[in-house]
Amino acid sequence: MTVREIRVFGDPVLRTVCAPIDRIDDGVRSLVADLIDTVEVPGRAGVAAPQIGVALRAFSYNIDGDIGYVLNPVLAEVRGEPVPTGEGCLSVPGLWHDALRHPWARVEGIDLDGRPVVLEGSGLMAQALQHETDHLDGKLYLTRLDAETRKRAMREVRESAWF
């Protein structure tokens with residue numbers, strides 16, 4: 001399979017609410033393999049399908065060496081009051097800001113065999129689960145920033161070499 005190019009801010013697929021996967025076929029299996037290959041690049045905690053140009057509900061994760069994926073994930077539960085959490089995004093390269101995230105989260109979905117998958121945790125896992133499910137709903141972490149920080153971040157985007 002392949003490490004896929006990451007789509008960056010401005011690409012319409014990143015603003016698209018992703019469709020559920022209703023049939024697991026060779027295309028979906030290939031997508032999962034590409035998501036895994038793409039998240040294995042050092043420094044990556046998660047990659048959502050729209051970040052590689054596919055508007056389907058799937059993401060991969062790489063948290064402390066634990067690598068996996070989930071299809072049709074739903075953010076089923078969060079716990080604790082949202083707190084400012086340092087966050088970046090492969091689709092907004094070079095920016096790092098505090099986004100409001102709950103300290104604990106649980107995602108429910110399925111695997112390639114249609115079996116239930118439950119991912120849950122605190123810290124980086126909670127942050128990644130919330131971040132990646134946001135991608136599947138067409139949201140970037142920039143929407144989680146307070147108004148003043150978001151204004152500054154958007155200026156940084158406009159001034160970036162990649163935009």
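Predicted model: local features only at pLDDT ≥ 70, side-chain atom pairs only at ≥ 80, totals over all residues.
Gln51 is placed in the loop between S1 and S2.

- Gln51 has a relative accessible area of 1%; because buried means under 20%, Gln51 counts as buried.
- Apart from neighbours within four places in sequence, Gln51 makes contact with Glu5, Ile6, Arg7, Leu14, Gly46, Cys89, Leu90, Ser91, Glu132 and His135.
- Ile52 is likewise buried, its relative accessible area being 2%.
- With neighbours within four places in sequence again set aside, the contacts of Ile52 include Arg4, Glu5, Ile6 and Arg7, and also Leu31, Asp34, Leu35, Thr38 and Val47.
- From C-alpha to C-alpha, Ile52 lies 20 Å from Val74 in space, and the two are 22 residues apart in sequence.

**The open sheet**

- Five strands form an open sheet in the order S1-S2-S3-S6-S7, and their pairing is antiparallel.
- S1 and strand S7 (116-122) are the edge strands; each has a single partner strand, so one side of each has no neighbour in the sheet.
- From one strand to the next, the twist averages 40 degrees.
- S2 is joined to strand S3 (residues 66-79) by 6 bridges in the antiparallel sense, and Asn62 stands opposite Ile67 in S3.
- Helix H1 (residues 26-39) packs on the sheet and touches S1, S2 and S3. The direction of H1 makes about 30 degrees with that of S2.

**Strands S4 and S5**

- S4 and S5 run antiparallel and are joined by 5 bridges.
- Pro84 stands opposite Leu100 in S5.
- The side chains of strand S5 (residues 97-101) alternate along its length.

**The largest pocket**

- The largest pocket holds about 310 Å³ of space.
- Its lining consists of 16 residues, and those nearest the centre of the pocket are Ala45, Gly88, Cys89, Trp96 and His131.
- Strand S4 (83-87) and helix H2 (124-136) each contribute at least two residues to this lining. H2 provides the largest share, with 5 residues.

Terms used: Residues numbered from 1 in each chain as written. Heavy atoms only, no water. Buried < 20%, exposed > 50% of the residue type's maximum accessible area, 1.4 Å probe, protein only. Contact = heavy atoms within 4.5 Å. 1 Å grid on protein atoms, 1.4 Å probe; cavity = no way out; pocket = protein on both sides within 12 Å on 5 of 7 lines; lining within 4 Å. Points joined across faces, edges and corners; volume = space filled by probe spheres on them. Helix = DSSP H or I, 4+ residues; strand = E, 2+ residues; numbered from the N terminus. Pairing = 2+ DSSP bridges. Axes fitted to C-alpha atoms, helices over the stretch in contact; angles between N-to-C directions.
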